[in-house]
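Colleague: Hey, could you walk me through this one? I'm new to reading structures.

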Amino acid sequence: MKKIVLVGGGVTNCLLSILLKQYYKDNVDVLIIEKNDTLLKKLTITGNGKCNILNKNYIDGLIIDNLDIKKSFGRITYLDLKNFYDEIGLILLEKGDLIYPFNESANQTRDYLVEIINKLGVKVYNNESFLSYKKLDNKYEIITNNSKISADLVVFSTGGKS
């Protein structure tokens with residue numbers, strides 16, 4: 001079984017955790033490390049509480065200095081993301097280029113996504129601050145304020161300051 005640690009409990013890593021568990025099922029152990037007391041904290045303030053969950057032109061706002069990586073992100077279309085949200089039962093509402101969940105409630109959307117994450121068996125360490133990591137042979141050692149964690153893969157998606 002592969003162990004994957006996702007550093008950051010925002011939308012990207014939460015959706016990635018769902019995707020990984022749906023695709024790999026019991027063949028992957030997924031852990032999210034989040035410094036806040038709950039996942040998706042920043043999501044609850046987007047769109048003035050209405051949850052601006054996506055922008056149709058999301059790729060234009062990405063700052064990626066590696067052209068190959070930017071091209072890879074460009075292959076994921078708005079329609080791909082919309083279909084994924086549909087698959088997990090989160091119906092979207094389009095208002096121009098801004099996309100909201102149909103309920104237009106950031107708190108309900110957060111609760112719904114956290115419920116899916118819990119049902120899929122994703123482990124979550126809240127109030128856990130990432131300190132460092134190092135590669136040891138084919139594994140990674142992640143150091144937090146509370147733990148030393150071994151993983152096969154580490155994904156960083158920590159967002160920006162808000």
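This is a predicted model: local features need pLDDT of at least 70, side-chain atom pairs count only at pLDDT 80 or more; totals for chains, interfaces and linings use all residues.

Colleague: Got it. How many helices and strands does the chain have?

Modeller: The chain has four helices and 10 strands. Starting at the N terminus, the elements go β-α-β-β-α-α-β-β-α-β-β-β-β-β.

Colleague: And what share of the residues is buried?

Modeller: The chain has 162 residues, and 34% of them count as buried. For the surface, the accessible area is about 9800 Å², with 51% of that belonging to carbon and sulfur atoms.

Colleague: What about contacts between residues at least 6 apart in sequence?

Modeller: Of those contacts, 63% join residues that are at least 24 apart.

Colleague: Let's do sheets. What order do the strands have in the open sheet of four?

Modeller: The order is S6-S2-S1-S10, and the pairing is parallel. Strands S6 (123–125) and S10 (153–156) are at the edges with a single partner strand each, so one side of each has no neighbour in the sheet. From one strand to the next, the twist averages 20 degrees.

Colleague: How many bridges are there between S1 and S10?

Modeller: S1 and S10 are paired over four bridges, in the parallel sense.

Colleague: Can we zoom in on Val5? Where is Val5 placed?

Modeller: Val5 is in strand S1, which covers residues 2–7.

Colleague: Why does Val5 count as buried?

Modeller: Because its relative accessibility is 0%, and the cut-off for buried is under 20%.

Colleague: Which residues is Val5 in contact with, leaving aside neighbours within four places in sequence?

Modeller: Val5 is in contact with Leu31, Ile33, Ile142, Ile149, Ala151, Leu153, Val154 and Val155. Also, the C-alpha atoms of Val5 and Lys123 are separated by 9.4 Å, though these residues are 118 apart along the chain.

Colleague: Nice. New topic: what does H1 lie across?

Modeller: H1 lies across S1, strand S2 (28–33) and S10, and runs at about 170 degrees to S2.

Colleague: What span should H1 have, and what does the model give?

Modeller: H1 has 14 residues, and at 1.5 Å a residue the helix should span 20 Å. The C-alpha atoms at its ends are 20 Å apart, so the two agree.

Colleague: Which residues of H1 are buried?

Modeller: Those are Asn13, Cys14, Leu15, Ser17, Ile18, Leu20 and Lys21. They pack against S1, S2, S10, H3 and helix H4 (106–119).

Colleague: You mentioned H3. Which residues are buried there?

Modeller: H3 covers residues 78–87, and Tyr78, Phe84 and Tyr85 are buried in this helix. They span an arc of only 125 degrees around the axis, so they sit on the same side of H3.

Conventions: Residues are numbered from 1 along each chain as its sequence is written. Side-chain values use heavy atoms; hydrogens and water are left out. Buried means under 20% relative accessible area, exposed over 50%, partly exposed in between (1.4 Å probe, protein chains only). Helices (H or I, at least four residues) and strands (E, at least two) are DSSP runs, numbered from the N terminus. The arc is that of the directions from the helix axis to the C-beta atoms. Contact means heavy atoms within 4.5 Å. Accessible areas come from the Shrake-Rupley method with a 1.4 Å probe; for residues, only the protein chains shown count as cover. Two strands pair if DSSP finds at least two bridges between them. Axes are lines fitted to C-alpha atoms, for helices over the stretch in contact, and angles run from 0 to 180 degrees between N-to-C directions. The expected span of a helix is 1.5 Å times one less than its number of residues.
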